[in-house]
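User: I'd like to learn how to read a structure like this one. Can we walk through it together?

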Amino acid sequence: MNELSKKISEIGVVPVIKLNHPERDAAPLARALTAGGVPVAEVTFRAAGAAAAIRLMAQECPDMLVGAGTVLTTAQVDEALAAGAKFIVTPGLDPDIVKYCQGKDVPVFPGCTTPTDYHTAYKLGLEVLKFFPAEQSGGLAKIKAMSAPFPMFKVMPTGGISLKNLADYIKSPVICACGGSYMVTADLIDNNRWDEITDLCKKSVEIVKEARSNG
Ligand code: 3PG
């Protein structure tokens, strides 16, 4: 794994963030995540202000690993990088976007769930994949089955992860980190429930530590 993937793996969870009001929410959210021991974020391009959110979060917490998610085009890669994104996440595997990021030396985590996806990712020289949507695609059982022919990959499952199933995923050596929106829901953000976000992050980090120490 490259340095960035190692750092993400150490943290263990990646909040998947959609911010409709980045000017209002990006800075306090970055502080809340960092205070909870989760200085990483996948800021999705599902909201129009994604680039602004990336820029503001990175400005507020310069050590935070702020990346871009739901990236669908190379133009969005450029937009994300100009805003300061340190990594790119795509919902599916688009070899053009992967090669574009590799050409810029930017870590890219494409969403993969099938043997065909994995095989293409192997040919592209990738090491860490997003496994998306995780629960809906077969969850941990499928991730384990996929690692038999493809033991070279670590995966970041996202989709349906919560405090309830986080430990099960993290215990598997195939898992790099788990992504999720459960600690950054629209309700929590819109109502400025920053302390609760910090608490959910702290709980997540505890679960990760405990799951890993118990093997
Ligand atoms: C993603 O974009 O990775 C998912 O939508 C996040 O999934 P979740 O909301 O089920 O955590």
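**Reading the fold and the ligand site**

Analyst: Let's start with the fold: the protein has 10 helices and 8 strands, where helices (H or I, at least four residues) and strands (E, at least two) are DSSP runs numbered from the N terminus. Its radius of gyration is 16 Å, close to the 17 Å of the globule rule for 215 residues, so the protein is as compact as a globular protein of that length. That radius is taken over C-alpha atoms, and the rule is 2.2 Å times the number of residues to the power 0.38. This is a predicted model: local features need pLDDT of at least 70, side-chain atom pairs count only at pLDDT 80 or more, and totals for chains, interfaces and linings use all residues. Residues are numbered from 1 along each chain as its sequence is written, and side-chain values use heavy atoms, with hydrogens and water left out.

User: Which residues surround the ligand?

Analyst: Being near means having a heavy atom within 4 Å. Here the ligand is surrounded by Val16, Arg46, Lys130, Phe132, Thr158, Gly159, Gly160, Gly180 and Ser181.

User: What lies 2.2 Å from an oxygen atom of the ligand?

Analyst: A polar contact is a pair of N or O atoms within 3.5 Å; within protein, one must be able to donate a hydrogen and the other to accept it, and residues adjacent in sequence count only if both atoms are side-chain atoms. At 2.2 Å from a ligand oxygen we find a polar side-chain atom of Arg46. Ser181 also brings a side-chain N or O atom to 2.5 Å from a ligand oxygen, while Gly160 uses a backbone N or O atom at 2.8 Å.

User: Where is Pro133, and what kind of peptide bond joins Phe132 to it?

Analyst: Most peptide bonds are trans. Phe132 and Pro133 are joined by a cis one, with omega about -10 degrees. Pro133 sits in the loop between strand S6 (128–131) and helix H7 (139–146).
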